[in-house]
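Please have the sequence and the 3D view at hand as you read.

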Amino acid sequence: MTISAVEAGGERANNWRARNQVKTHGRRAFVVLICSILTLLAVVYTVYTIRDYVLAQGWSAMPVNLISILAVILPVVVVGVALRAVSLSRQSARSSDIYLGRELGAKASDTSWKALAYAASLLIICAAAGFLVVNDAAVSRTFFDVGLIAKSAGAVLKAFGTNVFIFVVSCILILVWALVVAIARTLPGEAGRPIRTIAIIYGDLFRGLPAIITIYLIGFGLPLTGLPILKDLSSNAYAIIALTLTYGAYTSEVYRAGIESIHPSQIAAARSLGLSYFRTMRYVVVPQAVRGIVPPLMNNCISLQKDTALVAIIGTIDAFNQSKIIASNYFNLSAVTTVAIIFIIITIPQARFVDKLIERDRRKMRS
């Protein structure tokens, strides 16, 4: 290496190297402190407004005041974190050790961002809470009437059993039907082309149709056809058929992705041992494919569970239809909120379970 190249490298290193400067991030820490104080004031004002409204509704003062005090503690803690960032910044500026100063400055920066993130989250919560009590709490009285929610919970939960029944039966049928479609879609050779074409047409058709249109066409169309057996089915049966056809198309693609993820050498090895194509699929391909597609299958199940509310369009007395009847009687939508709460309570644990499955698969891939 020539001397000029070494000198050029040294010059670049000098340009990249921090020239004995310490970034204290004092300005950022000060701005975050101001934002934290403003957030505290906003939270105090929001809590005070909500407290007055709740007390005016006849609630006991002691628990309301206790909750109000607890609600103010978090923004006070955020202000404390911001003060900590300012303190670290000042220590960084006063430090005679450049490396210690840089370390304190980095801590001040991280602490500032942490305080700012919590302050922004509290402001979002304050905005949502203020929206609930604005205009004499019109939103709360329309959607969150506690008395009506408690009164309607029993009837809504009883009707929710219909949603559960439709979901369970549909889920079982979808898993079987979608696997059949996926295997038909992956049939090899010229002999399998007609079946593959039909499977492709089916998938494209029902993935293109909105679920609510499929439910409407089947729920009101089949009774009009006059066909034996089909014209006399219950609305629950029509809903199950429609959801099975719709989600069968989506789930078949999930199955197909899992089947095609299996290396062709697995199929070749099984066929060389004398297994037929269908035995190869049954004993070799499908068991391996299913293990890799559990998370997307669970996601489809979550979507299916929510879409059971769509069966209300054909007159099925499910939780949503029951809540609409209550809402029309009381001119209030709190009963519909009850349905929303039930779906959320059931769906969130399933979503977290899917996240755990995905994380488990990631750990296996990394290992």
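**Cysteines**

Keep in mind that the model is predicted. How many disulfides does a search of the whole structure find? The search comes back with zero.

| Cysteine | Closest cysteine sulfur | Sulfur to sulfur |
|---|---|---|
| Cys126 | in Cys35 | 14 Å |
| Cys171 | in Cys301 | 3.5 Å |

For Cys126, the sulfur in Cys35 is too far for a bond. The sulfur of Cys171 is likewise too far from the one in Cys301 for a bond. Are these two cysteines buried or exposed? Cys126 is buried, with a relative accessible area of 12%, and Cys171 also counts as buried, at 14% relative accessibility.

**The largest cavity**

Cys171 and Cys301 turn up again here, as both line the largest cavity. The count of cavities of 30 Å³ or more comes to one, and the volume of the largest cavity is about 50 Å³.

Which helices supply at least two lining residues each? They are α5 (146-185), α8 (235-260) and α11 (294-307). Of the lining, α11 gives the largest share, with four residues. Sorted by class, the lining has seven nonpolar and two polar residues, and no charged ones.

Terms used: Residues numbered from 1 in each chain as written. Predicted model: local features only at pLDDT ≥ 70, side-chain atom pairs only at ≥ 80, totals over all residues. Heavy atoms only, no water. Disulfide = S-S within 2.5 Å. Buried < 20%, exposed > 50% of the residue type's maximum accessible area, 1.4 Å probe, protein only. 1 Å grid on protein atoms, 1.4 Å probe; cavity = no way out; pocket = protein on both sides within 12 Å on 5 of 7 lines; lining within 4 Å. Points joined across faces, edges and corners; volume = space filled by probe spheres on them. Nonpolar A, V, L, I, M, F, W, Y, C, P; charged D, E, K, R; others polar.
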